[in-house]
Every structure is written in structure tokens, then in C-alpha cells.
Amino acid sequence: MSKTITIMGLALLVALVCGGCEQELGVKKVSPAVGVLAGGEPVDILGSGFQPGMGITVYFGTTKASNVVVRGSDKITVTTPSSSEPKAVDVRVATDNGKEFLLREAFRYVTKSNMDIRDLGQRKSLRDQAE
């Protein structure tokens, strides 16, 4: 009987301690990492520790992305802003608790005519996963 109580007590202690455990917040990758100048395209930001209701702001260069949605603890989806010229930009993720993450030149704006076959393949692969 005392072994059962000890095991149950230990399980309760672990549940109480880890109930407050959260995966460490982090940002790893932008997918796809290429998009058109007009913007308006969905892009996933992969990482860890994201939570529903968490205030998150995402910037492509200095321009704020729209429609930021936490899809799971490891993924945020945003809509890309437009860009005036083809270029690589930093992607910055800022949270309402003051944490900020920077992925240097993590996204590349291209013109449709400038998009190469690898870019098209990456975008098609993403569309297939969404269906």
C-alpha cells in the first residue's frame, strides 16, 4: 500500500512540476523562404514554444506581416507584406513578453519572372502539404 501511495505521490509531484513546464520559445526557419513582391502569401515560421493567444508580431525587413496565427507549439503562419524590390530580408519575430528572434536574410522576395525552378518546387511542395 505504501509503495502505491509513494508512486502516486511521485506522479502527482511530476505532474505539478511539469504542468508549468513550457517548451523553450525559439524560431528556426521560414518556409517557404521565397515569395513574390506583391506579398499576400502564406508563410510558416517554424520554431518551438508557441502558444495560442500569445501576442506575436512578425516583420519581413521593416514591414509588419499580417494574419499572424499560432498553428501549434512549433508553427506560426503569417501573410507576407509586399516589397518594392527583389531582395533578401531579415525575418524578426517579437512576442508580447519581450522576447525577440531574428533570422538573417531568411526570406527572399523575387519577381515572378525571376523565380527559378527550385523556388517553384518549394512553393508547390508547401501547397501539397496544405491540402
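## Ground rules

A residue is called buried when its relative accessible area is under 20%, exposed when that area is over 50%, and partly exposed in between, with a 1.4 Å probe and protein chains only. This is a predicted model, in which local features need pLDDT of at least 70 and side-chain atom pairs count only at pLDDT 80 or more, while totals for chains, interfaces and linings use all residues. Residues are numbered from 1 along each chain as its sequence is written, and side-chain values use heavy atoms, with hydrogens and water left out.

## The protein as a whole

Let's start with the inventory: the protein has 2 helices and 9 strands. Both kinds of element are DSSP runs numbered from the N terminus, with helices being H or I over at least four residues and strands being E over at least two. Read from the N terminus, the order of elements is α-β-β-β-β-β-β-β-β-β-α.

The protein has 131 residues, and 35% of them count as buried. Its accessible surface is about 8300 Å², with 54% belonging to carbon and sulfur atoms; the areas come from the Shrake-Rupley method with a 1.4 Å probe, and for residues only the protein chains shown count as cover. As for contacts (heavy atoms within 4.5 Å), 58% of those between residues at least 6 apart in sequence join residues at least 24 apart.

Which residue in strand 8 stands opposite isoleucine 56? It is threonine 95.

Another open sheet has 4 strands in the order 1-3-7-6, with antiparallel pairing. Strand 1 (26-31) and strand 6 (66-72) are its edge strands, each pairing on one side only. Neighbouring strands of this sheet are turned by 25° against each other on average, direction ignored. Behind that angle are axes fitted as lines to C-alpha atoms (for helices, over the stretch in contact), and angles run from 0 to 180 degrees between N-to-C directions.

Strand 1 pairs with strand 3 (residues 42-48) in the antiparallel sense, over 5 bridges. Serine 31 has aspartate 44 of strand 3 as its bridge partner. Leaving aside neighbours within four places in sequence, serine 66 is in contact with Val78 and Thr79. The C-alpha atoms of serine 66 and proline 81 are 7.1 Å apart, while the two residues are 15 residues apart in sequence.

## Salt bridges

The whole structure holds 4 salt bridges, each a side-chain nitrogen of Lys or Arg within 4 Å of a carboxyl oxygen of Asp or Glu. In one of them, arginine 104 and aspartate 90 meet at 3.2 Å, N to O. Arginine 104 lies in strand 9 (residues 100-110) and aspartate 90 in strand 8, so this pair ties together parts 14 residues apart in sequence. Arginine 104 is exposed at 63% relative accessibility, whereas aspartate 90 is partly exposed at 24%.

Glutamate 100 and arginine 92 form another salt bridge, with the closest N and O atoms 3.5 Å apart; arginine 92 is partly exposed at 24% relative accessibility. Lysine 87 bridges to glutamate 85, with the closest N and O atoms 3.9 Å apart. Lysine 87 is partly exposed at 35% relative accessibility, and glutamate 85 is partly exposed at 42%.

## An aromatic cluster

Rings of Phe, Tyr and Trp (its six-membered ring) pair if their centres lie within 6.5 Å; planes under 30 degrees apart count as stacked, over 60 as edge-to-face and the rest as tilted. The count comes to 2 aromatic pairs. Phenylalanine 60 and phenylalanine 107 have ring centres 5.1 Å apart and planes at 90°, so they are edge-to-face. This pair links distant parts of the chain, with phenylalanine 60 in strand 4 and phenylalanine 107 in strand 9, 47 residues apart.

Phenylalanine 60 and phenylalanine 107 are buried. Phenylalanine 107 also forms an edge-to-face pair with tyrosine 109, at 5.0 Å centre to centre and 80° between the planes. Relative accessibility is 1% for phenylalanine 107, and tyrosine 109 counts as buried at 2%. Together, ring pairs link Phe60, Phe107 and Tyr109 into a cluster.

Conventions: Pairing = 2+ DSSP bridges.
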